[in-house]
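This report goes through one protein chain, from its overall make-up to a few individual residues. Please keep the sequence and the structure at hand while reading.

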Amino acid sequence: MAPVAIAIINQKGGVGKTTTALNLSVCLATGGHRVLAVDLDPQGHLTMGLQIDSDELSAEQTVAALFQRSGTLDSLIVPTAESALQAVPSCIRLARAAESFYAVLYREGRLRDALAGVK
C-alpha cells in the first residue's frame, strides 16, 4: 500500500486537532499500520500525549530543526510506547523557528521534501 499523508489543520484553537491526531495515530498503529505523527504545534501537546518528554530533547532533536536547516526527518524520529507508531516531536522552540522562517522562499515545501525521504 502506498503511503498516505493526513493533515489535521485549523487556525482556531480548541477545536480538537491534537485529540484527533493522537487518537487517529494510535488507532491506525494498533490496527496494523505504520504511523509517523509529526507534531507541528509549538505547544507540543501531541508530543506530550504520546508520552515523549520534549524538555529532555534539544532543539536539534525536534521538528524545529527541520525548519532551521535542510535535511530529512530520519534523525528526528523517536519511538513511542506503540511499536508501529513513531513521532517527530515538537517543543516551544518551534515558535522561534517559525518567526525566522517567514522570509525563506518555498518554505511550504520543506516539510513535503522531508517527508518524501522518510522510509
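What share of the contacts in the chain with a separation of 6 or more is accounted for by residues 24 or more positions apart? In this predicted model, the share of such contacts that falls to residues 24 or more positions apart is 67%.

## Overall make-up

Five helices and three strands make up the secondary structure of the chain, and, read from the N terminus, these elements follow one another in the order α-β-α-α-β-β-α-α.

The chain has 119 residues, of which 32% count as buried. Its accessible surface amounts to about 7900 Å², and carbon and sulfur atoms contribute 55% of that area.

## A nonpolar patch on the surface

On the surface, Val4, Ile6, Ile8 and Leu24 form a nonpolar patch, and the accessible area of these residues together is about 350 Å².

## Helix H5 and its cover

Helix H5 spans residues 109-116, and its buried residues are Gly109, Leu111 and Ala114. Among the elements that cover these buried residues of H5 are strand E1, at residues 35-38, and helix H3, at residues 64-68.

Thr47 is located in helix H2, an element that runs over residues 45-49. With a relative accessible area of 2%, Thr47 is buried, because the cut-off for that category is under 20%. When residues up to four places away in sequence are left aside, Thr47 touches Asp39, Ile52, Ser54, Pro89 and Ser90.

Gln51, by contrast, is found in the loop between helix H2 and H3. Although Gln51 is not a glycine, its phi is positive, at about 60 degrees. Is Gln51 buried or exposed? The relative accessible area of Gln51 is 67%, so this residue counts as exposed, the cut-off for that category being over 50%.

## Summary of the residues discussed

Methods
Residues are numbered from 1 along each chain as its sequence is written. This is a predicted model: local features need pLDDT of at least 70, side-chain atom pairs count only at pLDDT 80 or more; totals for chains, interfaces and linings use all residues. Side-chain values use heavy atoms; hydrogens and water are left out. Helices (H or I, at least four residues) and strands (E, at least two) are DSSP runs, numbered from the N terminus. Buried means under 20% relative accessible area, exposed over 50%, partly exposed in between (1.4 Å probe, protein chains only). Contact means heavy atoms within 4.5 Å. Accessible areas come from the Shrake-Rupley method with a 1.4 Å probe; for residues, only the protein chains shown count as cover. Patches are made of residues with over 30% relative accessible area and no salt bridge: like charges are joined within 9 Å, nonpolar side chains (Val, Leu, Ile, Met, Phe, Trp, Tyr) within 5 Å. A salt bridge is a side-chain nitrogen of Lys or Arg within 4 Å of a carboxyl oxygen of Asp or Glu.
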